[in-house]
Amino acid sequence: MPSRNLNIILLTLCFSLLCFLTHRRAKPAMLVGDALDLIHHHYVDPIDEDRLLIAAMNGMTSILDQNCEFIPLDAYASFQDSMSQEFAGIGIYVEQPDITKPVRVVTPLVGSPALRAGMMPGDEIVKIDGEDVSKLNLKEVSARLKGPIGTIVYVVVRRDGQDGDGPDEDGQDGDAQELSLSIDRSTIELESVIGDYRDENNHWVYRLQDDPSIAYVRLTSFGEKTDGELRTVLERLNNDFRGLVLDLRGNSGGLLYAAVDICDMFLDRGRIVSTRIRGGKVYDEFDAQTGTLVKSDKPVAVLIDGNSASASEIVAACLQDHQRAVVVGTRSYGKGTVQNILPLQYGRSALRLTVARYYRPSGKNIHRVIDAKPEDEWGVTPNPEMEVSLDESTLEKLSKRWREASYPSLAAASELQLHSDETSDDPTSEKEGVEAEGMPEGGLSLDPVLRRAVEAIDADRAIDDEASIDTVPAAA
């Protein structure tokens, strides 16, 4: 057979195989596309095609585990901001509890353009760049506040008065005033490593207010900058503490590599975590590198609760398995899966897909399946005698302390409200005013989990001290 004919046959086979594989991939897509087209043309009521597409994607991911999801266009940018720990804006948290009322400022962030411009908690946003936005929803108002870095947005806010006269006939506070603010848009960085309280310059203090010899670090997430933030904090502390509390309560996780890097700051050898893909095959193993930022003779306590998940569980399980830290609190959430963010529509949306499960250094499972029982193996359980739970009242007080420490403008607003509620003939008003203007109540007095952690640190040091005494040679 002539070589030319053989080449033609081979090319035909390759082309046929390519067409077959393409058809296999395109067939399901054609089915979804045909269904969308039929609904668009024949359904009794008009319906937006984007809504149909989102519903179809949500339907596909609904039969997977609860951590898989389709991230549409309007949510993908916010998701990327949370992971990168920065966004372009004026630096405020907003809410809209009542859709019939304007969007309200929860608080400006520390050091933000909004704070510098004079925005306060409780301000209602009524105009943006001359446009009335008092009847727009939260999403629409947020979109108008965002814009290119370096540009100015003109915002009019309505601020309630403090005379307590109540609303007028139109439902507005009779003493409310409208203020015009000129605010620069800039890059807003989100912190993920915070301390126990802020000093007079609004800088975090990474020591307990009630006991400065105990270092205290709270991680709120595991983002791209978390390991760098924590490294800076530990280097500044320079092991000048008798023990360290690492608070992971309420931390729902984040990036796997951030958790691995943080574990490495406490360990100089050993397995940190391993991941397994389909079929239980080990895909990756992460080990500690030589050298630590926290000396091995410094006791460490890790605080967890039922909302500590994913990367938080990697850190807690790793340090517990290596007996590098005592774990205090309540059993963690039990999310032992790894998700990849796979871009769709040329990066305008994405699919969050579970690609692996991770296992603690002991090889034990962390993930809690849907029908898991309390006696099953999942999550991270506190060390013996270290399980401490919080009642609703304590949790509410502690949450308030955390919020006001993170956002001083909230504390200032609370203090203002306290003073406005006082009367001149109230014998307790002077005392309350002094408390409001001083330091917030310390965490040790409020938080039984933190108290138990400090007790564990002291007990660990006492054991080390006894061992040191026992090994001192007797005098000749």
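## Aromatic pairing

In this predicted model, a search of the whole structure finds 1 aromatic pair. That pair is formed by Y93 and Y407, whose rings are arranged edge-to-face, with 5.6 Å centre to centre and 85° between the planes.

The two tyrosines belong to distant parts of the chain, being 314 residues apart. Y93 lies in strand β3 (residues 92–95), whereas Y407 sits in the loop between α9 (392–406) and α10 (408–421).

## Packing of α7 and α8

Two packed helices are described by the angle between their axes and the distance between the axes. For helix α7 (residues 256–264) and helix α8 (residues 311–321), the axes come within 9 Å and cross at roughly 25°. Because angles under 35 degrees count as roughly parallel, α7 and α8 are therefore roughly parallel to each other, and the crossing in which α7 passes α8 is right-handed.

On the α7 side, L256, A259, I262 and C263 take part in the contact, and they meet A311, I314, V315, C318 and L319 of α8. Sorted by class, this contact of α7 with α8 has 9 nonpolar residues, with no polar and no charged residues.

Strand β19 (residues 337–344) pairs with strand β20 (residues 349–359) in the antiparallel sense, over 8 bridges. Within this pairing, L342 stands opposite L351 in β20.

The two strands, β19 and β20, form a hairpin with 4 residues between them, and in the turn Q345 has a positive phi of about 55°.

Key:
Residues are numbered from 1 along each chain as its sequence is written. This is a predicted model: local features need pLDDT of at least 70, side-chain atom pairs count only at pLDDT 80 or more; totals for chains, interfaces and linings use all residues. Side-chain values use heavy atoms; hydrogens and water are left out. Two strands pair if DSSP finds at least two bridges between them. Axes are lines fitted to C-alpha atoms, for helices over the stretch in contact, and angles run from 0 to 180 degrees between N-to-C directions. Angles under 35 degrees count as roughly parallel, over 145 as roughly antiparallel, 65 to 115 as roughly perpendicular and the rest as oblique. A crossing is left-handed if the near helix is turned anticlockwise from the far one by less than a right angle, and right-handed if clockwise. Contact means heavy atoms within 4.5 Å. Ala, Val, Leu, Ile, Met, Phe, Trp, Tyr, Cys and Pro count as nonpolar, Asp, Glu, Lys and Arg as charged, and the others, Gly among them, as polar. Rings of Phe, Tyr and Trp (its six-membered ring) pair if their centres lie within 6.5 Å; planes under 30 degrees apart count as stacked, over 60 as edge-to-face and the rest as tilted.
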